[in-house]
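Hi,

Here is the structure I promised to pass on.

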Amino acid sequence: MTRAAADLLAATASASGTATHCPYCALQCAMTLTPQAAPGPAAGGLTLAPREFPTNRGGLCQKGWTSAQLLDSPERLTTPLVRDAKGAPLRAAGWDEALDLVAQRFGALRQARGADAVAVFGSGGLTNEKAYALGKFARIALGTSQIDYNGRFCMSSAAAAGNRAFGLDRGLPFPVTDLDDSEAVVLVGANPAETMPPLMGHFDPARLIVVDPRRTATAQAALDGGGIHLQPAPGTDLALALGLLHVALVEGHLDTPQRTAYRRERTVGWEGVRQCAARWWPERTERLTGVAAAELRRAAAALARARRAHILTGRGAEQHSKGVDTVSAWIDLALALGLPGTPGSGYGCLTGQGNGQGGREHGQKADQLPGYRHIEDPAARAHIARIWGVTPESLPGAGRSAWELLDALGTPEGPAALLVMGSNPAVSAPRARRAVQRLHALELLVVADFFRSETAELADVVLPVTMWAEESGTMTNLEGRVLRRRAARTPPPGVRTDLDVLRGLALRLGRSAHEFPADPGAVFDELRRASAGGTADYAGAAPEHLDAGEAVYWPVPEGADSEAGTRGTPRLFLDRFAHPDGRARFLPVEHRDAAELPDAEYPLYATTGRQLQHYQSGAQTRRVPELLAAAPEPYVEVHPDTARRAGLGDGDTARIVSRRGATLARTRCVPSLRPDTVFLPFHFPGDGAANALTNPALDPVSRMPEFKLSAVRLERADGRGTASREEAA
Amino acid sequence: MNRALNVVVVGNGMVGARLHEETLRRDPTSRRVRMTVLGAEPVGGYNRVLLPGLLSGSLTEADLAPERCGASPLATGTTVVGIDRAARTVATADGRQLPYDRLVLATGARTAVPPLPGLREDGADGDSGASARGVTALRTLADARRLRRLADRARAVGARIAVLGGGVLGLEAARALVARGVAVTVVHPAPHVMDRQLDAPAGRVLGRALHRTGVEQRLGVTAVRWEPGKGLHLDDGSVLPAAGLLLCTGARADTALAEECGLDVGPAGIAVDDTLTTSDPDIHALGDCADAEPGLIQPGWEQAGVLAARLTGEDPYARYLGTPRVTRLKAAGIELACLGDPFVTDDGLAGHAPADGGPEVLRLEDPTRERYAKLVLHGDRVTGAILLGVPDAAAGLVQLYDKGAPAPSDRLALMLGRALPPEGGGETGEALPDHAMVCRCNSVTKGALRSAWYDGARSARELADATRATTGCGGCRGAVEKLAAWLAETDPLSSRDTPATTAPR
């Protein structure tokens, strides 16, 4: 049986259960939800079982296994909440009251201060249908240009670099299963062993080259299995890529007839990049990055000698004020080796959020219209305006990027009201204290969520919405494969879908019912038409194909044929890249320092990331008792010497201070850490919020904040200094 | 600022070109600074550091091309012959007078040619210093081409190239020539090579490593005469037969223009303050012509950053406060890093404890394996080090030293870069502690698996069903199977020859 046929069987043979996918990350592990025969542990009346699927191969991590436990959580919101005045508590309200209030206030603000007085903040966790409807709602119901989403904090640098190099951005331009046969996989700033665990099953640890300032679980897996871990100083991955390219160049790895022909026939710009790389000889690279020249040579040889190889970037490379150039440097290395568009090899980025891929294609980004179209492109505006039944002139232009939007809230020039859907920026935005302050300054904050997240706690109106197992729609996973999300149970009374909420608001704002259907099927039909002819073309992704379990990868134009259960474009760029001349672009890039470097006052690098048990801001996973028990509190990883100098022992509460704020975390001494670097997970709110420290210095191209590098100092939370401790000793 | 500052740079070497690049980066439209770079060489500021790579054949001349050139005028093949400080103009060899608001001297250094009979031919141009048959330096692209020709001719007839001077450049060039397939002997007057950076035992170990990679050495001897067609006469009366002679005898700052126009010049070069300003406030100098440490590129590059920040107004108060001294030998097969000052008169053996303010010195000598490591600390700061054959340690230590960060308390790990033990531990069974994480994907510890066993899960499969271990990426399947086998062996209640009878869960 072919793999595709097996998928088909797995998808359809679940007569008794509902075949759907995990609510969390972009791997979208397949699972089956079956009504529980006998009352068991609280899991929404459902039994959850992993399902065989190419991406997760029948596996689930602890987050996936426990995901259904949230459905009947006592903290679940089942009624709208309204705050009568700033400072008053949130009180229960009816749906009509809440929606009337929101629509009336949005309308009044718009009338008084113009359409851009109302802003929208979306999410990479929303289904394609919701992302599409949210973008449409902003542009035609509110008429605002002020919409962006948390994917800006996630995928924007890789997306910009991919567009620059290939003319198109799809996280993995090949199926995940291609990785199984790869002879060398470079993971740059990605820690799938914690963030996407079942993906690890596709890697042979001996063939992994992990680039990370920390010895992460992924790096450790590589080392244990005979692979390589390169441990650069934070903020130096760009130079490391050029250093590897230099070695590949001078050791003759790039002179093979195949690679020479590839560069000549499929790319432009090699000479400029070659000169950039020539300047990063191993010893110079070593001095900046701290990666030994010998290690650099070993890694370059392992990569260059592989017959099939992949370079994959993650947030560690991308969340910098030079994130786009950093990704470009790694793409340059991949192009020099002839990987992209070659069967069995490639470059890709590991998308983070569940619908981080689809969420960046359908118009909830400040500068984008559905189908990955640009909002300033007249042809794109005309096409979308026609689908929406409006004039192109009535569509707003590009708005502020996520951080710039949050930073402007409640200021004289910025929006006075904000609708948040599927996001928790009070925890996930950089410089979190400032973000909270800006949210506070709004005249009206409306949050649609299923829990009282930290952002919902600040809201004036909270709208309770359905969870993943209670709704239908589509998600696009990290491979650009369109998947079906299916409802497995009825939502609790009092809860509405996000689509229903948008419809209710749109109607009250004067739009007509047919423009905002609540039925996800109807929205998907419109999305397919809107995306037709665009970069991310979904026109041929008919629901019956998806329901039949076909593997559908965009672009999938209308009429695209199915071959052995696969439709659309599983592998991009095999014949040509998406630039008009069909060639990929080498981009000459140069190292530059981070916006903030350690100094005498803030002598350490702080970097942030995720831990296995929690997902993003933790609004969901912190409410799962089993996950909270395993990972109950914020911690800071510190080299034992660095901890000792700060007067801290393992388990002590540390205060970590940056120019933007301070946070508290339990000290975890980690001997493999660089002594100049500390690490904090960003899943925790309030006093333990890692994002209190982070720097909203933005990449000039992607507007990605510099989450991965801030200068901090470390001290005891009780204020007892090192000196007094030493005197006492 | 109403008008762009008119800056003329004399010298288009690595530092002059870098200044141009750093300026453009800060002022891409040349709104604040209009910079003209004048270079005597016919090509731009190629990368001198990579000349040995050109020699070994691993790089091409294009790879050594100047750092990115922008819109600003850049004149190659233009020699400056004089400076009129009163009129604020420079005179070029082709008779032009170019005005400046600020002048930057980046004239670099010249090969210091030893007073050795036979090196110069009558009437030779003294620029590269040496044009006698078979003799060259290695400072310019023209030198590199010349050396490559000499080397190829020598290789063709099985002859040898003599390298005079066993410093960094001499050794890198020698190693590159060997890589090109040429026999090489380095002649050095001191008892060991790189004696400016290395103590005697380190020098001896390096000598061994060089020998292994094919670089022959004649140490403690001085050259007395070059005889073209024959070789190099040495002061012990012997003759080293050689078809070519490469001079790597150091460099001295090129201060001719500065001296002519009356700027203050010290023994090491043009005198500048920490703003890189000479005794004339409108004239700056940087790089080898103003620095006491010729041969290292890092200081010049950092100076270029400081001066660009000042000229463009990005940071009018920028100061150059020095560059940590790090020398890294670029020779394939040899990993050597020297930092700071590794020479100590008192290495702690005289009875001084570090608490007395004396240095703390650690040393490992392992000539058999060509390793030598020496660490000098004052308090918890590294002030000098020699690391040969311990590449991991070198990388980490240089980072520490560059940042002036305190040294870790585990000095041996610092010095040897020895691999840290894996944090997970490779053990299974009894040796594994109960809290050890077996399945990371599902947070399952050995203790949890053991409890599940005693609750009735009597196989790897049943353990998986009970705890979800192995159900994530599957990477721990082997470990869980081993644990199941160990539990079966050690569990008094389970018999190895009867299958488990517990019902599936």
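Predicted model: local features only at pLDDT ≥ 70, side-chain atom pairs only at ≥ 80, totals over all residues.

Residues are numbered from 1 along each chain as its sequence is written, and chains are lettered from A and ligands numbered from 1 in the order in which they are written.

Let's start where the chains meet. 41 residues of chain A are in contact with 40 residues of chain B (contact means C-beta atoms, placed from the backbone, within 7 Å). On the chain A side, the helices that each supply at least two residues include α7 (217–224), α10 (270–278) and α12 (293–305); helices (H or I, at least four residues) and strands (E, at least two) are DSSP runs, numbered from the N terminus. α7(A) gives the most, with five residues. By class, that side of chain A has 23 nonpolar, eight polar and 10 charged residues (Ala, Val, Leu, Ile, Met, Phe, Trp, Tyr, Cys and Pro are nonpolar, Asp, Glu, Lys and Arg charged, and the others, Gly among them, polar).

Seven of its eight residues are buried, so α7(A) is largely enclosed by the rest of the structure. Buried here means 20 or more other C-beta atoms within 10 Å of the residue's own, with C-beta atoms placed from the backbone; 12 or fewer is exposed, and in between is partly exposed. The cover over those buried residues includes β8 (184–188), α6 (192–195), β9 (208–211) and β10 (228–230) of chain A. Just after α7(A), G226(A) has a positive phi of about 90°.

Now the domains of chain A. Their bounds come from an automatic or database domain assignment, which gives domain 1 (3–70), domain 2 (81–153 + 355–465 + 497–531) and domain 3 (604–728). The C-alpha centres of domains 2 and 3 of chain A are 32 Å apart, and 17 residues of domain 2 are in contact with 18 of domain 3.

Finally, chain B. Five of the seven residues of strand β2(B) (residues 33–39) are buried, so that strand is largely enclosed by the rest of the structure. β2(B) pairs with strand β1(B) (residues 5–10) in the parallel sense over six bridges (pairing takes at least two DSSP bridges), and V7(B) stands opposite M35(B).

Cheers

Definitions and conventions: Contact = placed C-beta atoms within 7 Å.
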